[in-house]
Amino acid sequence: MINLYDEDANVIGEVTRERMRAENLWHGCVLTVVFSGDGERIYVHRRTDFKDVFPGLYDYAAGGVIDAGETPDEAAVRELREELGVETPLTPLFQTTYVDELTRYHAWVYETHSDGPFVHQPEEVAWGGWMNADELRGKIEDPGWPLVPDGREIGREWLRRTKSA
């Protein structure tokens, strides 16, 4: 079960993940950008080919759907631990929304710093490695790079916000 949200990011109930996908219902997701300890690199991974949404594409954030009864902060800690096997302090960055024909959700975006070691969740992560932060900025803007579409859109917002910070 996962939290069901309204358009204003209020939890209004619980629903199965299957129903949420079938009916494209509002839900919540967390995304955590993992910087290296020196802040120069970002941990990037490729999603497994059997993921239910955006299989086989690259992503620069560890994250996922907020479970029933969970807060975004709790979900971010859980997802980072599940996907990459690390527990580090998280810094909340911003909240936004993402909508396309497959999914619509409220996103809570975080960052953290860790040099690992990383242990990939085999159901979620097919490959992972470091990418220079400047290179990732270019990849987010490159429509030819196979990046998850929500990551591209939210990444552009992240880049706009960090330029003005």
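Is Glu83 buried or exposed? Glu83 is buried, because its relative accessibility is 2%. Buried here means under 20% relative accessible area, exposed means over 50%, and partly exposed lies in between, with a 1.4 Å probe and protein chains only.

A word on the model. It is predicted, so local features need pLDDT of at least 70 and side-chain atom pairs count only at pLDDT 80 or more, while totals for chains, interfaces and linings use all residues. Residues are numbered from 1 along each chain as its sequence is written, and side-chain values use heavy atoms, with hydrogens and water left out.

Back to Glu83. It sits in helix α2. Helices are DSSP runs of H or I of at least four residues, strands are E runs of at least two, and both are numbered from the N terminus. Leaving out residues up to four places away in sequence, Glu83 touches His45, Ala61, Ala62, Gly63, Val119, His120, Gln121, Glu124 and Val125. Contact means heavy atoms within 4.5 Å.

Now Glu79. This residue is also found in α2. Glu79 is buried, with a relative accessible area of 6%. Its contacts, beyond neighbours within four places in sequence, are Val30, Gly63, Gly64, Val65 and Leu84.

Why take these two together? The UniProt annotation "binding site", from an unreviewed entry, covers Glu79 and Glu83. The lining of the largest pocket takes in Glu79 and Glu83. A pocket is an open set of points on a 1 Å grid over the protein atoms alone, where a 1.4 Å probe fits, with protein on both sides within 12 Å along at least five of seven lines; lining residues have an atom within 4 Å of a point. UniProt annotations may be inferred rather than shown by experiment.

Next, the helix itself. α2 covers residues 72-84, and its 13 residues should span 18 Å at 1.5 Å a residue; the end C-alpha atoms are 18 Å apart, which agrees. The expected span is 1.5 Å times one less than the number of residues. Buried residues of α2 include Pro72, Ala75, Arg78 and Leu80. The helix's buried residues pack against β3, β4, β6, β8 and β9. Just after α2, Gly85 takes a positive phi of about 75°.

On to the strands. β8, residues 104-113, has 8 of its 10 residues buried. β8 pairs with β3 in the parallel sense over 9 bridges, and Val34 stands opposite Thr112 there. β8 also pairs with β7, this time antiparallel, over 8 bridges. Pairing requires at least two DSSP bridges between two strands. β7 and β8 form a hairpin with 4 residues between them.

Then the packing. The largest nonpolar core has 31 residues, and Ile42, Tyr60, Leu136, Ile154 and Trp158 touch the most other members. β3 gives the most to this core, with 4 residues. A nonpolar core is a set of buried Ala, Val, Leu, Ile, Met, Phe, Trp, Tyr and Cys residues joined through side-chain atoms within 4.5 Å. Ile154 touches Leu31, Tyr60 and Phe94, among others, not counting residues up to four places away in sequence.

Last, the annotated domain. UniProt places "domain: Nudix hydrolase", again from an unreviewed entry, at residues 25-153. Over that stretch the chain is 21% helix and 39% strand. Its end C-alpha atoms are 19 Å apart.
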